[in-house]
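Hi,

Here is the structure I promised to pass on.

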Amino acid sequence: MDKRQLCYIVTLWMFMVVLSALSRAEEKKPLTFWGKRPSPAVFYGIRKDQEALEVKYDRKKIRHSSVMQSDSSDRFLKLPENYPFDIDFDIAKEPPSIDFAIIQGLEPWCFEYGESVNQSPISASDGFPIWSGFGDVTKGPDGCFYFSIGNHKYYGGNAFVVRYNPAIKRQEIVLDAAEVIGWKPGDWSDGKIHGDLDISPEGDMMMLTFSGPRPLAKEFNNVPYSGAHLLKFNVFSSKAEDLGVPFSGDTWGYHAWDWERGILFAVGQAKNTTLIYDTNIRTLVFAGYQPKGITWWRRCIMIDRETGCIYTSNSTPANDTSNTIVRWERKNNTFTEMKSRVPVHPVHGISFQLRAHTKRKTREGAFWCLGNNGVMFKFYPEADRVDYVGLNWGSEGIYTTNMCMSPKERYLYYLPGAHSEAWKFGTPIVQFDTRTGKKKVIAFLSDFYL
Amino acid sequence: MNHSASRLFLIIFASALLLPGVVKAEESAPDKLRRVIREKRANFDTWDKQGLRYSKGMATDCTKAFLKVPDYYKENNADYFVTAEEIPTIDFAPIRNLHPEFQADGIGEWTHWGEVTCGPNGRFYMGVGNHRKNATGNVLNIIEYDPVKKEQRVAVDVGRVLGWKPGEYTDTMLHGNMNFLSDGTLVAATWLGHHGKTNMSKDSAESNWCGSWVFTYNVYTGKVESHAIPFMNGTWAMHNTDTSTGVLMAVGIGYAEGFPDPRWNNRDTGYHYRGQHYFLAYNVLERKVLYAGMPPGNIDLSERAALIDPRTGLFYSSDSHNGSTLVCYDQRTSRWRDLNCSIPLNPSTGKNDILRAYTYRPAPDGAFYCMDMIGTFFKFWPEDERTELIGVTWEKDGVYTASITMSPGCRYIYYLPDAHGHNYHLEQPVVQYDTVTGTKKVLAFLSPFYHEKYGYVTKGSYGIELSADGSLLVIEMNGTFNPEAKKGRYSHPAIFAVHIPESERRE
């Protein structure tokens, strides 16, 4: 073989290597709604010098203050520099007034960095303590707002329910899960309450603790943890009660409560089981896996409070009926796969799970819904029909976990970018006008609060 | 009155007297029902040669006829069994107090499809019901048989204690293993019945029926406690209870509306099908549901098995969607897992089927003796996750057997092949399998003698149990009275209490 031939071969080989790398890079390109998952410490910005950083950047000295800082600024209405998407929305003309404070009473204030790495005895991948809230905010019959904050730990896990009273602008921790349940230091306990804190008109709140994503199903036999706890709390009396572990072997990543019918519905994180509990007679109605072919999507429990039927999307993997809407009804305790399905994403070409939805139907009988990937649509349960509306934000939609509907049903409100990337586009508070189909930013939060 | 008018009056008057005899008044519906019942009763009064249905006590026999090998076996050179040398004594009586004894509309028949269990008081307990599927008017009882007094009685009128009302759709059977907690409490779950033409219609499923019941009965105090319907829409074809923890574990079905079309959710079970069975774990002591749903993945539990290892409290069954792999459920962790073993293949047919019958305690070597639905006979070591083929239950290919029981010293396994009773030619043998020698021995052929002397046609057994000392085998037999030996519908289940000669059961 002469030199020329050798050069040709080497060149050809290098060309193939480059092509191969490019094609692999293309395959690995993540969908923009989810992003590439770095290590938890990096993803959540946890640093070794966390406390020092906070001291440095807490310019107004508000970290340890419970006083609500009130602001109304034109800065809320300024489009961020280098805004990454097309401007397909309006910005409000008049800025809102926003009250802001850091949640207080969370001890320890800063965790040891080492804890961020070595929480789980099985895997060091995602056992990282951070004070965080991953559940919904609920308005109670007392006019206060309730939500949960947890430390996201396994050993020494704990979660609180926080009350915010807008009338007097006061926050307080009203439930300490460890205290109610009796967890001791060194126990494997739950670091979150992850579901909806639904509250009855009498002030009762039912909730399940959560230790996700660990332990995994395969780990359950090897860790000192049997399952998550069911708690009951009354917002008027502040009385809290531990109702024990209703179902061993899983932990509840999502739940919702139909207080009128006494049905608490939860989806398991470890094994994707479903737990349906009658809170009136304190017994399980259903607790196990669903029929083959149905997997209750573990981030959606949509209660139709008119009928008592409960809906989600079907997340059975590798199933051509995935993302169909599934209904559970108490009569005959049955799961039914409906004809409706979450609409196909116009850019990605696939359908994703149902994620956010309004708490009640409109007068015309529809829930407003968002898919995991920002697809917005209306779901008519009685008609078993969906109507595609559009994308919730940006050119490809953004993961959004919650939305509210105005009392007269004209406006929807949501914050796109639930999984901590909202700062990239200014953390907008979005108002969607159901009459015109237009989006309007009520406020961009990032720049002002930074 | 003139002569013509008088004549006319006489004609009319005579017609009025005679006409009812010429033109019968149409029979009213109640009258028709009464007539049908009278006719049935009259037939059975004739066919019940010794009038056992309304008498008391047991009819006792000890006859060479029990050991006479039927012609069928001789003609087919059956060499897979021997017969006992000593004749057993057998006490026999039909189950009494069946009210109503006959169903005028032809729906239902008195039968029992579950186990017989021996209580801590030495008496035997079994269910009986009139099995009116897809109809109202079900009657369901627990019968107690006292082998010392040779008396039977209705211990529990299930419908009455559970508050079932006339005109309601209610469960038709007690189909599982009604075993006992240490204080003498029997644990039972009811069963609606199976899918198919005889299942409840969608209309009746939308009426009062909303699930099957769990209840307990203490044989010492007589107290019955209802645990209501622990899993709405669930109905329990098979159940067993961990007597240490008080956890009832049951396998069943439910009405699965709309998925993918209205059906009972076990439709199309078995290989190549898609259905699944519900599983219920319910702690009767704490009145707490531990599990009420499907198992994971596509696991399809055997609808006719609920094997609980008393040493560990673990539940075992077979998974018909995965080659009858054995699966395990742990009541403490709600964890399911596949075992590294499956039901062995039938040596004759090369197939296996769902788990059906098994001993309720392990032998000294740690194994349970088991049978599948098609008569494959094998041993199962749960702790080793291992199975080992023994052979077949009966005949060349195996015969469906629903219940087996093990002697106190674990040497002998007893069973009655042909649970459905359709294979009349087998003449209902009572079989003893010797685990040491591998020999099958017939203690008695029941059919020919009991038909000849009593007019009773045996139609298979789903429940047998040994006394604590292994001397008495109590069998609940489905059957009827009929002039022909191989005919008749189920109508009168019976108790056979076989006193096994000591010489035939030396451990």
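Below is what turned up on the interface and the aromatic rings.

Some housekeeping: this is a predicted model, so local features need pLDDT of at least 70 and side-chain atom pairs count only at pLDDT 80 or more, while totals for chains, interfaces and linings use all residues. Residues are numbered from 1 along each chain as its sequence is written, chains are lettered from A and ligands numbered from 1 in the order written, and side-chain values use heavy atoms, without hydrogens and water.

Interface first. 27 residues of chain A are in contact with 30 of chain B (heavy atoms within 4.5 Å). Between them about 2300 Å² is buried, with carbon and sulfur atoms giving 52% (accessible area lost on being put together, 1.4 Å probe, summed over both parts). On the chain A side, A:Y289, A:K292 and A:N332 lose the most area to chain B, together 29% of what that side buries. Salt bridges between the two chains: 0 (Lys or Arg side-chain nitrogen within 4 Å of an Asp or Glu carboxyl oxygen).

Now the rings. The whole structure has 69 aromatic pairs (Phe, Tyr or six-membered Trp ring centres within 6.5 Å; planes under 30 degrees apart are stacked, over 60 edge-to-face, the rest tilted). A:F247 and A:W252 have centres 6.1 Å apart and planes at 50°, so that pair is tilted. Ring pairs also link A:F265, A:F286, A:W296, A:W328, A:F335, B:F231, B:W236 and B:Y278 into a cluster.

Cheers

How values were computed:
Buried area is the accessible area (1.4 Å probe) that two parts lose on being put together, summed over both.
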